[in-house]
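Welcome! Take a look at the model below, and then let us walk through some of its strands and rings together.

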Amino acid sequence: MQFRFQVLIGLFSLFVLPVLPNCPAFVRNGAEVLAQSPPHRSFSFRAKPKSSCAVYLVTEVGLLVRMVNSQKTTDLYHRDGTHSYGEDFGVRFGGQGNVGLMFNVSRTASLGVIGFGVVEEHRPRAGVKLRYRFWEWVGTAIDLEGGMAVDLATDEFSKDLDRRQWLVAGLSLSHTQFVHFVFQLESWLQDYPPNRRTSAAYIGLRFGY
């Protein structure tokens, strides 16, 4: 019985296996598998994990809503007895844009540099931040980021405040490939009162790849 089984295996190996690759069904099924596997690229214009690309471009726009701000200055009193009037904060809404490059450093992680700008009443700013992305699967990701910004406001009140050491940190969650829920925290020093630290927390939506 064992001898017959060995003979059958030998005949199968000699006559059946060489024919299978030429079988139309075999070829068709193999082509379908290849078609379903996404091609690997060195660069992508859309965010993708390492299985699909090595580097991808970041282009995003977002809407931020300020939920908390620690202080609000309305009058600056100077040593000569004069004072100036203004506001640290205006309306609660701001727009943000991000552009950068991300490198897939492992199957589930990306690391990159993002340049950003924020337009907000009384406090436009721009800066650079590092971003770490953890991929769960394509389209679902968690982003952690941190960096620094500079004040772009040019009015006299903002110049008197002299905002500096502007720190930015963020967390975003995405369950689609395009829409991200964002939590952002900012903190900076300014000269009134001397070396006063002011902070603000935002939530919002970010759109892009």
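## How strands are named and paired

Helices (H or I, at least four residues) and strands (E, at least two) are DSSP runs, numbered from the N terminus. Two strands pair if DSSP finds at least two bridges between them.

What you see is a predicted model, where local features need pLDDT of at least 70, side-chain atom pairs count only at pLDDT 80 or more, and totals for chains, interfaces and linings use all residues. Residues are numbered from 1 along each chain as its sequence is written, and side-chain values use heavy atoms, with hydrogens and water left out.

A hairpin of 2 residues leads from E5 to E6.

E6 also pairs with E7 (residues 125-137), again in the antiparallel sense, over 10 bridges. Here Leu111 stands opposite Tyr132 of E7. The hairpin of E6 and E7 has 4 residues between the strands, and in it His122 takes a positive phi near 75°.

## Rings that meet

Which rings count as a pair? Those of Phe, Tyr and Trp (its six-membered ring) do if their centres lie within 6.5 Å; planes under 30 degrees apart are stacked, over 60 edge-to-face, and the rest tilted. By this rule there are 6 aromatic pairs. One of them is the edge-to-face pair of Tyr56 and Trp135, with 6.1 Å from centre to centre and 75° between the planes. Tyr56 lies in strand E2 (residues 53-69) and Trp135 in strand E7, so the pair ties together parts 79 residues apart in sequence.

Are these two residues buried or exposed? Buried means under 20% relative accessible area, exposed over 50%, and partly exposed in between (1.4 Å probe, protein chains only). Tyr56 is buried at 1%, and Trp135 is buried at 3%. Phe178 and Phe207 have ring centres 6.2 Å apart and planes at 45°, so their pair is tilted. Phe178 is partly exposed at 38%, and Phe207 is partly exposed at 31%. Elsewhere, ring pairs link Phe89, Trp166 and Trp188 into a cluster.

## Charges over rings

A charge sits over a ring if NZ of Lys or CZ of Arg is within 6 Å of the ring centre and within 35 degrees of the ring normal. The charged end of Lys129 sits over the ring of Phe116, 4.6 Å from its centre. Trp135 returns here too: the charged end of Arg133 sits over its ring, 5.1 Å from the centre.
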